[in-house]
Amino acid sequence: MGLVNLLAIVDYGMGNLRSVQKGFEKVGQRAEIVRRPVDLNSVAGLVLPGVGAFGDAMASLRKSGLDQAIYNEINRGKPFLGICLGYQLLFEASEEWGLTPGLGVFPGCVRRLPPGLKVPHMGWNQVEFTRSCPLWEGIPSNSAFYFVHSYYVDTADQEIIMGKTDYGVKFASAVGLNKVFGVQFHPEKSSVLGLQILLNFGRLVAQC
């Protein structure tokens, strides 16, 4: 497929992949939408977007074999970026519609936003950077990004948290360890600073 040194946007039937692809194109980063596990072998970095239900997403990943393929490529050291649902899938489980196992890359559980809040959490909100990371290059802490979600990541592993957001509960809105990153918000819908995140991830992939 000629995908060497490209970014792969993983298509598992959940989410507007074209909007993510266009986001990378706007910052000069080549990104290919891929659907087969074998296609992940020949790319330099992976992007897992997504919207919808956690259980449906995991069922789709398992059916296609993409779940194991993604896990294998992460273990090989390839840079990875999970966006929104793709971020939540990195964790051990979700409480949405019963307890559903996730990819288990990071410890933690995806939980429903607390009662009394407007759900989904939709719109612009600030992300407080809790530590430096390549994705934040050129972006000030407490910048606002665009969120759309009803569940949040609950993790006790402070080492992986690189950003927090307050919406009734202060939750981990961005995580990262080594070359694996996840953000609860949508960079592709977050104007200039969101596109900067996509550019920073593309640069990281090129360096690797």
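A pocket, as the word is used here, is an open set of grid points with protein on both sides within 12 Å along at least five of seven lines. With that term in place, I turn to the structure above, which is a predicted model.

The largest pocket has a volume of about 180 Å³. Fifteen residues line this pocket, and the closest to its centre are Gly52, Cys84, Val148, His149 and Ser150. Two elements, helix H4 (85-88) and strand E9 (143-149), each give two or more residues to the lining. Sorted by class, the lining of the largest pocket holds six nonpolar, seven polar and two charged residues.

Next, helix H2. Spanning residues 54-64, helix H2 has Phe54, Ala57, Met58 and Leu61 among its residues, and these four are buried. Viewed down the axis of H2, the buried residues fall within an arc of 95°, and they therefore line one face of the helix. What do the buried residues of H2 pack against? Their partners are helix H3 (66-75), H4, strand E5 (91-94), strand E6 (100-101) and strand E7 (106-112). After H2 comes glycine 65, with a positive phi near 85°.

Alanine 93 has cysteine 109 of E7 as its bridge partner.

I now move to strand E12, residues 170-177. This strand is mostly covered, with six of its eight residues buried. On one hand, E12 pairs with strand E11 (residues 161-166) in the antiparallel sense, over five bridges. Here isoleucine 161 has valine 175 of E12 as its bridge partner. The hairpin of E11 and E12 has three residues between the strands, and glycine 168 takes a positive phi near 80°. On the other hand, E12 runs antiparallel to strand E13 (residues 180-183), and four bridges join them. The hairpin of E12 and E13 has two residues between the strands, and asparagine 178 in the turn shows a positive phi of about 55°.

Apart from neighbours within four places in sequence, lysine 170 is in contact with Glu128, Lys164 and Thr165. Its C-alpha atom is separated by 9.5 Å from that of aspartate 154, which lies 16 residues apart along the chain.

Finally, isoleucine 139, which sits in the loop between strand E8 (121-129) and E9. Is isoleucine 139 buried or exposed? Its relative accessible area is 7%, and the cut-off for buried is under 20%, so isoleucine 139 counts as buried. Leaving out neighbours within four places in sequence, its contacts are Phe129, Phe145, Leu193, Gln196, Ile197 and Asn200. The C-alpha atoms of isoleucine 139 and alanine 93 are separated by 31 Å, the two residues being 46 residues apart along the chain.

How values were computed. Residues are numbered from 1 along each chain as its sequence is written. This is a predicted model: local features need pLDDT of at least 70, side-chain atom pairs count only at pLDDT 80 or more; totals for chains, interfaces and linings use all residues. Side-chain values use heavy atoms; hydrogens and water are left out. On a 1 Å grid over the protein atoms alone, a cavity is a set of points where a 1.4 Å probe fits but cannot get out, and a pocket is an open set with protein on both sides within 12 Å along at least five of seven lines; lining residues have an atom within 4 Å of a point. Grid points are joined across faces, edges and corners, and a volume is the space filled by probe spheres set on the points. Ala, Val, Leu, Ile, Met, Phe, Trp, Tyr, Cys and Pro count as nonpolar, Asp, Glu, Lys and Arg as charged, and the others, Gly among them, as polar. Buried means under 20% relative accessible area, exposed over 50%, partly exposed in between (1.4 Å probe, protein chains only). The arc is that of the directions from the helix axis to the C-beta atoms. Contact means heavy atoms within 4.5 Å. Two strands pair if DSSP finds at least two bridges between them.
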